[in-house]
Amino acid sequence: MTPILILGAGRMGGALIQGWRRAGVFAPADLILRDPHPTELAQAVARDGARLNPADPALVEAQTVLLAVKPQLWRETAAEVASLLHPEAVIVSVAAGVQSADIAAAFGRKVARVMPTTAVAIGQGTTSIYAAEPEARARARALFGPVGTVVDLDDEVLMHAATAVSGSAPAYLYAFIEALEAGGAAAGLPVEAAQRLARSTIAGAAALLAQSGEEPAELRRQVTSPGGTTQAALEVLMGEGGLSPLLRDAVAAALRRSKELGA
């Protein structure tokens, strides 16, 4: 499946490169990077043996092509490189909302769609995968399996929901932490103390969820004493206009935007 051509070595492409290096898979010599504005990471990987922006004839060597440009740029990118690629190359796309049929038509090759999170950089990513062809699905799993959890979807329409629930969700959590820190500061805590308390507590709670095997509802019940401080806070968070309707609306908004990007 190598060499791997990465079209767009920015935030997501770069995160994946970091994750591969951390996991010890796909050496720099296995990578071909094409990016008009290479980051420091891309340049560092090039110094270690990757090919950065080589001449067009080199692209035919790629067996796997990671399409990691912004969704608005994918057609332009496809027009530039499709004719240069190996006929049997497999396209793995992280372009949010862009349908696999459109990508397949533009590149003329098998396609897998994926929606990862940037935590692939530390081997704790979450990636949704859809592909009509088993070979393309296997190729995507080989890229993303070493750097986190992979969830297979059998219906491409579900990729919009997966984007809203997973691909965009790290930002939801970061926004929650920002708000919690601000709440702590408003309650009188020094800003630095509020930040340390909020971030450490959320990280610990997430680790406990991952390692305990308990349902979130059960963990919530375990730390909620009847009539206590946590219950008082949860009556606000889980009340009318609280987290449940807010997140439902947030997921719906992200889903709509995913469909718009695909169009």
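Trainee: Which side chain meets Asp 152 in a salt bridge?
Mentor: This is a predicted model, in which local features need pLDDT of at least 70, side-chain atom pairs count only at pLDDT 80 or more, and totals for chains, interfaces and linings use all residues. Residues are numbered from 1 along each chain as its sequence is written, and side-chain values use heavy atoms, with hydrogens and water left out. A salt bridge is a side-chain nitrogen of Lys or Arg within 4 Å of a carboxyl oxygen of Asp or Glu. At 3.0 Å, N to O, the partner of Asp 152 is Arg 137.

Trainee: How many residues apart in sequence are the parts that Asp 152 and Arg 137 tie together?
Mentor: Helices (H or I, at least four residues) and strands (E, at least two) are DSSP runs, numbered from the N terminus. Asp 152 lies in strand β8 (residues 148-152) and Arg 137 in helix α5 (residues 134-144), so the separation in sequence is 15 residues.

Trainee: Is Arg 137 buried or exposed?
Mentor: Buried means under 20% relative accessible area, exposed over 50%, and partly exposed in between (1.4 Å probe, protein chains only). Asp 152, at 34%, counts as partly exposed. Arg 137 has 16% relative accessibility and therefore counts as buried.

Trainee: How many salt bridges does the structure hold?
Mentor: The pair Asp 152 and Arg 137 is a salt bridge, as is the pair Asp 56 and Arg 34. For the structure, the number is 12.

Trainee: Is α6 parallel, perpendicular or oblique to α11?
Mentor: Helix α6 (residues 158-167) and helix α11 (residues 243-262) pack at about 135°, with axes 8 Å apart. Axes are lines fitted to C-alpha atoms, for helices over the stretch in contact, and angles run from 0 to 180 degrees between N-to-C directions. Angles under 35 degrees count as roughly parallel, over 145 as roughly antiparallel, 65 to 115 as roughly perpendicular and the rest as oblique. The relation of α6 to α11 is therefore oblique.

Trainee: Where does Ser 128 lie?
Mentor: Ser 128 counts as buried, at 6% relative accessibility. Not counting residues up to four places away in sequence, Ser 128 touches residues including Arg 113, Val 151 and Met 159 (contact means heavy atoms within 4.5 Å). Its place is strand β7 (residues 125-131).
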